[in-house]
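User: I am new to this structure and would like to learn how to read its features one at a time. Could you take me through them, giving the general idea before each case?

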Amino acid sequence: MVMKLPYLGSCLFLVFFSLVSIVASGSGKGLPILSFDEGYNQLFGDDNLVIHRDGKAVHLSLNERTGSGFVSQDLYLHGYFSASIKLPADYTAGVVVAFYMSNGDMFEKNHDEIDFEFLGNIRGKNWRIQTNIYGNGSTSAGREERYNLWFDPADDFHHYTILWTASHIIFYVDNIPIREFKRTAEMGGDFPSKPMSLYATIWDGSDWATNGGKYRVNYKYAPYVAEFSDLVLHGCAVDPIEFSSKRCDGTQSWEQLTTSITPSQRSKMDSFRRKHMTYSYCYDQTRYKVAPPECVINPREAERLKKFDPVTFGGGRRHHGKRHHHMRASRSEADSI
């Protein structure tokens, strides 16, 4: 059952109309950056969380003892959430860094979630990004997409953004939209619709993160340190008990926001997805004989993924000898992009 939230008054009025003119550039430029003490609390990790630059930067580390993480002090219903992140370098197989929204602590059986997950790799191979979306506890129908990047995210800081409205979700990397997820009537309650907190974590995902668990975290390279700065929480804070409006950001800054993707941005997004996307649930014919109703099939994306993995995305049968040959060729092609 989807919980119906009470009317949030002028706050949601502002959210609707203000998430109508910032992110024309996707940058969120001019939005207030909160210090750690103003907007966040430590989630876990004890001394593995270290605050720098008077609260403007946070380092999260993973060692043999524990990972670490932080969480926003408030719940939000829609908004613009971003951070500049620099990931650990060298051998990072099995390491997962996550920047995401969730209400799993409040709704254990029907939680919502919007994820950026960064998946570590062996030496010489770059990190990969995974995005995912859950609504109303629909974890069995994961909506994962995975991508390579056009840069090494361990070399410097790069900007990652989640824009969440009542009608769609957009993921940005360095102000370029990489994924747009639109709400459809057929989805029912599977679109995230309940207030969520913002989280950032680093943890050991050895069982699945790198080549399905083939390569695990090697703690001789620890500590693994993920650096966060320029943290933006720009939404309408919601009371965690009554789910009524608690605080809205000023109307002036809200009026800078937009929920649309410009033609220039859409061109960049299409180019990114053609060149760098390596997995999308919408095209996975081993999981779904018919694509889920919210999927919009792009023939060029479908053709590239079919070449990359003809079994998963082409609906073909697995012939081990032939499969090995094709995968070697397609992965070499992907690595050259």
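Analyst: Helices (H or I, at least four residues) and strands (E, at least two) are DSSP runs, numbered from the N terminus. With that naming, Pro-223 falls in the loop between S13 and S14. This is a predicted model, in which local features need pLDDT of at least 70 and side-chain atom pairs count only at pLDDT 80 or more, while totals for chains, interfaces and linings use all residues. Residues are numbered from 1 along each chain as its sequence is written, and side-chain values use heavy atoms, with hydrogens and water left out.

User: What is the peptide bond from Ala-222 to Pro-223 like, cis or trans?

Analyst: Most residues other than glycine have a negative phi, and most peptide bonds are trans. The bond from Ala-222 to Pro-223, however, is cis, with omega near 0°.

User: Where does UniProt place the feature "active site"?

Analyst: UniProt positions are given in the numbering used here, feature names are shortened, and annotations may be inferred rather than shown by experiment. The unreviewed UniProt entry places "active site" at Glu-113 and Glu-117. Glu-113 lies in strand S7 (residues 113-119), and Glu-117 is placed in strand S7 as well. Glu-113 counts as buried because its relative accessibility is 14%, and Glu-117 is buried with a relative accessible area of 11%.

User: What does Glu-117 have in contact, leaving aside its neighbours within four places in sequence?

Analyst: Contact means heavy atoms within 4.5 Å. On that basis, and with those neighbours left aside, Glu-117 is in contact with Val-97, Ala-98, Arg-128, Ile-129, Gln-130 and Trp-208. Glu-113, not counting residues up to four places away, touches several residues, among them Tyr-100, Asn-132 and Met-196.

User: With which side chain does the side chain of Glu-113 make a polar contact?

Analyst: A polar contact is a pair of N or O atoms within 3.5 Å; within protein, one must be able to donate a hydrogen and the other to accept it, and residues adjacent in sequence count only if both atoms are side-chain atoms. The partner of Glu-113 is the side chain of His-111, at 3.0 Å. Side chains can also reach the backbone, as that of Ser-206 does to the backbone nitrogen of Val-217 at 2.9 Å. Ser-206 lies in the loop between strand S13 (197-204) and strand S14 (224-238), and counts as buried because its relative accessibility is 4%.

User: Which backbone oxygen does the side chain of Ser-72 reach?

Analyst: The side chain of Ser-72 reaches the backbone oxygen of Asp-74 at 2.8 Å. Ser-72 belongs to strand S4 (residues 68-72) and is buried, with a relative accessible area of 5%.

How values were computed. Buried < 20%, exposed > 50% of the residue type's maximum accessible area, 1.4 Å probe, protein only.
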